[in-house]
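Please examine the sequence and the structure shown below.

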Amino acid sequence: MSQTIVAPTAEDPVPTTVQPPPNLSRRLRAGMTSSPAYMGVILVVLFLFFTIMRPDTFASLFNLRNIFLDAATLMILATGMTYVMIAGGFDLSIGSVLVFAGVCGAKTMEAMGTNTVFTLVAGLAVSLLAGGAWGLFNGFCISRLRVSALITTLGSMGAALGMAYLVTGGNDVRTVPKMLMTIGHGTVFGVPWLVVITTVVAIVAGVVLHMTKFGRHTFLVGSNPEAARRAGINVQRHVLLLYGLSGLLAGLAAMLSLGRFSTTTLEGHGTDPLEAVTAVVLGGTSLYGGSGSIIGTVVGVFIPAVLANGFIIMGVQPFWQMVVIGFVVIAAVYVDQLKRQSRDRV
Amino acid sequence: MQPPPADTASSASVAPGPVAVLEARGIVKRFGHVEALRGVDFEAHAGEVTALIGDNGAGKSTLVKILSGVYQATAGNILLDGCNVTFNSPSDAHALGIETVYQDLSVAPDLTPSANMFMGRELVLPGLLGKFGFLDNARMRRESAEAFQRLKVSLKDIDMPIASLSGGQRQSVAICRSIMWAKQVVFMDEPTAALGVVQTRRTLELVRRICDTGVAVVLISHNMRDVLEVADTIEVLRLGRRIARLRNNNISIQDLVGAMTGALDSTADEQVTA
């Protein structure tokens with residue numbers, strides 16, 4: 001074995017460059033090529049298209065309000081899903097957890113038989129508790145027992161719905177306090193309460209995700225859990241909390257759904273988790289974790305909603321929306337994979 | 001127990017004093033019936049690169065894990081600046097200024113260099129916002145940029161995810177991070193294992209620059225050329241014991257291999273090439 005240490009022929013010096021200040025135009029360009037930006041443009045184009053085609057019906061205040069109302073509960077579920085998916089997880093149980101939490105909340109308020117703010121608060125508390133408990137159960141199985149997220153939440157999806165049927169005997173609870181229905185149908189300055197609540201939740205979630213330590217740890221855990229653990233981040237606890245948060249938000253969505261439909265809608269939430277995943281993925285959150293945003297999820301919630309509504313108003317069979325969104329989701333994930341490949345091939 | 005502050009750069013060029021920054025005496029580690037370390041001695045001095053070499057199974061990784069708090073020794077003492085210390089977890093070692101760079105890149109590829117530099121040690125804003133955990137991104141970015149500049153690491157773009165950097169640059173970020181927090185000792189476990197030729201060279205230059213800042217660098221490597229290029233002192237482990245401590249002058253790869261395999265013990269009949 002020879003020991004000739006060859007002197008580097010092409011010495012490439014390491015320049016002592018001062019790091020440039022954040023370049024605005026470059027940041028702007030990076031922002032413009034991100035998935036939420038592309039999808040945002042698509043959303044605006046769709047919106048303009050339907051507005052031009054049907055200016056009186058599509059762009060009417062009544063119709064826009066409907067679009068927002070339809071999107072409200074899904075947005076809250078998708079917010080929790082965004083956190084979970086950025087951390088590299090998955091939550092199939094949120095639809096069933098919503099139903100279970102709604103049943104618990106409705107039964108509580110029914111048993112109280114009153115119609116006061118206190119009734120409402122009690123119902124909300126029970127609903128949040130029920131949702132949060134399922135979320136923590138999921139988080140415990142996933143982070144401590146190391147059962148895969150897909151299987152854990154598939155299991156609790158069935159179990160939570162089954163328990164909801166057991167509690168109700170298979171019949172929807174339809175006695176909802178009037179005050180909750182006021183929130184479900186009422187408005188503040190012309191904006192429905194549901195939309196106000198959802199907007200607040202989305203803004204708080206976005207701020208926490210992008211500006212705080214909790215949010216930063218969510219990204220780190222999704223990007224490289226082993227590195228996060230080595231850096232002293234309590235990964236298990238963080239994952240537990242994220243699933244808890246997802247369940248908690250499902251509990252909140254349950255109350256909003258109760259207020260809007262005045263029934264526990266046992267059968268109505270089977271596809272909720274899939275719609276939430278669709279929205280999150282359309283919004284540019286990676287299936288592999290580590291990247292994503294709440295604003296992207298907002299866009300991802302509205303694209304299917306606007307498309308479905310627009311098709312109905314145009315007289316196109318709304319089933320086309322399912323077809324279109326199905327293929328768009330596949331395309332979105334494909335593009336995400338291409339990006340990752342080109343990025344990791346350094 | 002709080003150790004005194006690390007040596008400054010000015011004292012780094014001075015020949016190491018008699019007291020090592022980090023010293024291990026008679027470390028024994030048993031896993032069940034297997035005795036991985038059988039009374040290892042080890043020392044690392046400030047401003048020096050100490051290479052730790054040995055054949056597979058010699059106990060390098062076990063020793064480093066004990067000295068960085070991942071494992072606890074069955075017997076023996078660890079001294080930091082001459083005082084006895086015990087590490088019950090890696091965070092104990094972190095708190096005393098001991099950091100580790102792992103061979104598999106310990107970075108989050110989707111996040112920016114500065115987010116990686118402050119991973120797990122994020123700075124928050126002063127006042128009420130900080131209490132709620134709001135991050136001081138501007139300050140973290142500035143301090144990261146300063147650290148990169150100090151160690152002459154130039155990154156293509158400090159605001160893009162690490163994934164867009166080359167493997168060598170990613171490793172540079174991981175190394176800079178450990179330097180930023182290491183006040184006493186940095187362990188580098190095969191830092192060049194995943195890198196190409198140019199990147200390896202850059203990383204080795206970085207290793208030299210790091211020890212010029214006055215910390216003690218411990219380099220674990222299989223690559224004898226790397227070791228001879230950067231190390232001041234070479235500690236050789238074999239079968240759970242330190243069998244040689246060599247100053248790096250006029251020694252050859254053959255000497256190192258001989259020490260590692262026991263060929264220098266006269267009657268060894270096997271010779272492994274590095």
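Is L154(A) buried, partly exposed or exposed? L154(A) is partly exposed, because its relative accessible area is 43%; buried means under 20%, exposed over 50%, and partly exposed in between (1.4 Å probe, protein chains only). This is a predicted model, in which local features need pLDDT of at least 70 and side-chain atom pairs count only at pLDDT 80 or more, while totals for chains, interfaces and linings use all residues. Residues are numbered from 1 along each chain as its sequence is written, chains are lettered from A and ligands numbered from 1 in the order in which they are written, and side-chain values use heavy atoms, without hydrogens and water.

L154(A) belongs to helix α6 of chain A. Helices (H or I, at least four residues) and strands (E, at least two) are DSSP runs, numbered from the N terminus.

In chain B, six strands form an open sheet with mixed pairing, in the order β6-β7-β8-β3-β9-β10. Two strands pair if DSSP finds at least two bridges between them. Strands β6 (98–101) and β10 (241–247) of chain B stand at the edges with a single partner strand each, so one side of each lacks a neighbour in the sheet. Strands β7 (residues 185–189) and β8 (residues 216–220) of chain B run parallel and are joined by five bridges. Within this pair, D189(B) has I220(B) of β8(B) as its bridge partner. In general, strands of a sheet pair through backbone hydrogen bonds, either parallel or antiparallel.
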